[in-house]
Amino acid sequence: MSTDFVSVIKPTSGGGGREERGNAYPVLPVRDTVLFPNAVLPLTVGRQSSIQLIQSLGEDKMILVVAQRDARQDAPEGSDLYEVGTRATVHKVVKMPNQSLFVFTEGMERVKLGEFTQAQPFLTASYSTLEEAAPERTPEMEALQRNVLAQFQEIVTSSSTLSDDLQTIALNIEEPSRLADFIAANLPFLTTGEKQELLETAAVKQRLELLNNLLAKELGVQRLRNKIQSEVQDSVQQSQRDFYLREQMKAIQKELGDLDETQKDVADLKEKIEAAGMPEETKKDALKELGRLSRMNPAAADYSLTRNYIEWLAVLPWSKSSSSEVDIKKAKEYLDEDHYGLKKVKERILDYLSVRRLKPDMKGPILCFVGPPGVGKTSLGRSVARALGRKFSRISLGGMHDEAEIRGHRRTYIGALPGQIIQQLKRVEVNDPVFMLDEIDKLGRDFRGDPSSALLETLDPEQNNTFRDNYLDQPFDLSKVLFICTANQLDTIPAPLLDRMEVIELNGYTEEEKVNIAERYLIPRQIKENGIEPKEGQEAMIEIPTSSVALVARHYTREAGVRRLEQLIGTLCRKTARQVAEGRTEKLVVTPEVIHEYLGGIKVRVDTEIAERTKRAGVAVGLAWTPAGGDVLFIEANRMKGKGGFTMTGQIGDVMKESMQAALTWVRSNALSLGLEDDVLKDTDLHIHVPAGAIPKDGPSAGVTMVTALVSLLLNRPIHPQLAMTGEITLSGNVLPVGGIKEKFLAAKRAGIRDVILPIDVKTNVEEDLSPEQIEGVAIHYVSHIEDVLGIALPKTAGEAAQDEEVREEVLASAE
């Protein structure tokens, strides 16, 4: 205990021996300490004033020990001390190496400080003794004393810091006042304020009551602490017991050959790893992760993450391939059975199968089927898988924005998974499936990455044998996978990605091809899907003649493929299903009248539209390419009085505007040779419009059509009916080749066109891409100069014009 530095003054009257220093005793201030009467307390004296006080003591050795109100005060004055303290005798003083003193003091009696008579070098003060009236030995007093003693004994018994000798000493004290002081002096949990309050309470009964309350409070706290400690101890003991029992169980299971669930899981994973046939480096990493897993607690946060990773490694088809033998004849039968036409596509697939048969370890090519919607790109991929005897897997890339969909997420992310390619390989369970990447031309791109860049490695035969998914972080061989991509157009596919693929075009179908496809595939499929299949020995509930199929294809659809045609056939089958459900048993024969009743009036009349619109001069029919296939394009020109102005409308692009300007320039520069006046456009404004105005249009292939429309307008000679054209022009009048010839030609044939004007440089493309069956019924005129176009498109005599008018009337009459 540290004391204050106090000055010494002679004790005042009121007890014990006096020193020759007047009527006052030296006052020793102490920090956080209260000395009780009849108690021996060692004090450490370190302040200089307190050391001087002890050294100035004479034979009397009497001092006043008083507690400070604030222990932080280094030089307390009289007002900083409590008013009640203890008169004490100094029995022994020991000098310490650090120049402080170790003083043994014994409390004599309670005193109340009087007037301070000295402040330096230490405090001195007079005092008066606090008299303690002897209490009566009443039953209440006896009970109170016994209760205090019992509580003190219980506290000492349960305390690890208090000596058991304190109980013996307390039992031998009979006087209540001395018992209260003894107990108060030996309770370490009492604060300085509580001890000071006990010291200041001179009445024995009140002191015992106060002490009884403090003991009861401490006893309650101690019991609660013991309860908490007991619960913790029980929990620890239970955990130790469980651990011991688990270890025993493991030992017993080991002896019996049984394993717990975790060990079984680890053993199963190890067995899968050994059977997976993965590369040595990958197997080494998998076993390393498995070792970590076996040492983990199943309740650990990383346990499930590590287990999932190991399971992904273990279940992938590292070395499992399709075992089917390639049969070229059978493959050809499958392709012909599943698809009508598509001769060029089938030839390329059979070429691949032939090489595959001769060289089984060849690297898989990357095929890209490009064509309008509904021409059978996806179903052709399924047929390829069937012909190869492989499993088929497909993912749609349309609208995909996140690169992680291809490469996977890194394992540091919550909920990380491998990319779609690895996931699909896990589902098909072989490493050489036919893998279709649908809608590759519709890949997205944003802040999450560029999926098309991630596909560069996937679709490169020189790189994909070490494809590394971010989640697996292990090389996987994709070289055996036959990747087939599909797209509606090539313009939106990045050039580096397109360079890795072999493009095979699937263009639209003619009306004859659509009828054949409908009769072979679409009608049987829709009959089956709508539940109107004929039972054994019964005839079909619906019959759709070839003429009716042709009617639906010609006048109810306007598409390159057959998707809409199948939907309409499905509508007719559903109507039949309804009749059957209502109890009707007669067969439904789909006649034109039935078609009009169930499908409504004719939706598409392109042939009559062409005949109607080309009746007037200034209208020409062009051919255009779109992602949905080819289409016919009307170019309309008109004139009015003006000052030589030229207007272009129809939401056209810059390239088409330039073609219009080039057409006008050629017409003006060749006005005389065309039979026009040299200044024919001096007082005339021209307007060229390309319907429909809401659809964006661009490209150079309508150049010849614009020249023809302008010349037709200025000569007031309508073009021949059922004629369409395409080609780019130059200012000198040359006709240049354009693309998309097959799609444009098929669109012209679907629209009822009988004459098509094409640049002479595309003749080779026509002979290679179009079959004789497709060309049949359409006359192709190859031209190299715009004058050739005008000679074919415009009637030369009044007789030709009259014949054209008769043809138009026949077309319009047939429509009615």
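This is a predicted model: local features need pLDDT of at least 70, side-chain atom pairs count only at pLDDT 80 or more; totals for chains, interfaces and linings use all residues.
Figure 1. Glu-289 and Arg-292 form a salt bridge in which the closest N and O atoms are 2.9 Å apart. Both residues belong to helix α8 (residues 280-295), and because they are three residues apart, about one helical turn separates them. In general, an α-helix has 3.6 residues a turn, so residues three or four places apart point the same way. A search of the whole structure finds 23 salt bridges, and the pair Glu-289 and Arg-292 forms a salt bridge of the kind shown in this view.

Figure 2. The side chains of Arg-386 and Asp-338 meet in a salt bridge, with an N to O distance of 2.9 Å. Arg-386 lies in helix α12 (residues 377-388) and Asp-338 in helix α10 (residues 328-338), so the pair ties together parts that are 48 residues apart in sequence. Arg-386 is partly exposed, its relative accessible area being 35%. Asp-338 is also partly exposed, at 23%.

Figure 3. Glu-502 is part of strand β13 (residues 502-505) and Arg-348 is part of helix α11 (residues 343-358), so the pair ties together parts that are 154 residues apart in sequence. Glu-502 is partly exposed, with a relative accessible area of 30%.

**Figure 4. A network of salt bridges.** Three residues are linked in this view: Arg-110, Asp-181 and Arg-207 form a network of salt bridges.

**Figure 5. Lys-587 and its surroundings.** Lys-587 is placed in the loop between α19 (563-581) and β15 (588-589). Its relative accessible area is 30%, so Lys-587 is partly exposed. Not counting residues up to four places away in sequence, Lys-587 touches Glu-539, Ala-540, Met-541, Ile-542 and Glu-543. With Glu-543 there is a polar contact from side chain to side chain, at 3.2 Å. For orientation within the chain, Leu-715 is 128 residues away from Lys-587 in sequence, and the C-alpha atoms of these two residues are separated by 58 Å.

**Figure 6. The buried helix α24.** Helix α24 (residues 741-750) is largely enclosed by the rest of the structure, because nine of its 10 residues are buried. The buried residues include the charged-residue names Lys-742, Glu-743, Lys-744 and Lys-749, along with Ile-741, Phe-745, Leu-746, Ala-747 and Ala-748. Just after the helix, Gly-752 takes a positive phi of about 85 degrees.

**Figure 7. Lys-749 in helix α24.** Lys-749 has its place in helix α24. With a relative accessible area of 13%, below the 20% limit, Lys-749 is buried. The side chain of Lys-749 reaches the backbone oxygen of Glu-773 at 3.2 Å. When neighbours within four places in sequence are left aside, Lys-749 is in contact with Thr-510, Glu-512, Glu-773, Gln-774, Ile-775, Glu-776 and Val-778.

**Figure 8. Met-656 in helix α22.** Met-656 is found in helix α22 and counts as buried, at 3% relative accessibility. Leaving aside neighbours within four places in sequence, the contacts of Met-656 are Leu-633, Val-690, Lys-697, Asp-698, Gly-699, Ala-702 and Met-706. Lys-320 lies 336 residues from Met-656 in sequence, and the two are 55 Å apart in space, C-alpha to C-alpha.

Figure 9. The structure holds one cavity of 30 Å³ or more. The largest cavity has a volume of about 50 Å³. Its lining consists of Gly-644, Gly-645, Phe-646, Leu-664, Arg-668, Leu-681, Thr-684 and Leu-686. By class, four of the lining residues are nonpolar, three are polar and one is charged. Helix α22 (654-669) and strand β19 (684-689) each supply at least two residues of this lining.

Conventions:
Residues are numbered from 1 along each chain as its sequence is written. Side-chain values use heavy atoms; hydrogens and water are left out. On a 1 Å grid over the protein atoms alone, a cavity is a set of points where a 1.4 Å probe fits but cannot get out, and a pocket is an open set with protein on both sides within 12 Å along at least five of seven lines; lining residues have an atom within 4 Å of a point. Grid points are joined across faces, edges and corners, and a volume is the space filled by probe spheres set on the points. Helices (H or I, at least four residues) and strands (E, at least two) are DSSP runs, numbered from the N terminus. Buried means under 20% relative accessible area, exposed over 50%, partly exposed in between (1.4 Å probe, protein chains only). Contact means heavy atoms within 4.5 Å. A polar contact is a pair of N or O atoms within 3.5 Å; within protein, one must be able to donate a hydrogen and the other to accept it, and residues adjacent in sequence count only if both atoms are side-chain atoms. A salt bridge is a side-chain nitrogen of Lys or Arg within 4 Å of a carboxyl oxygen of Asp or Glu.
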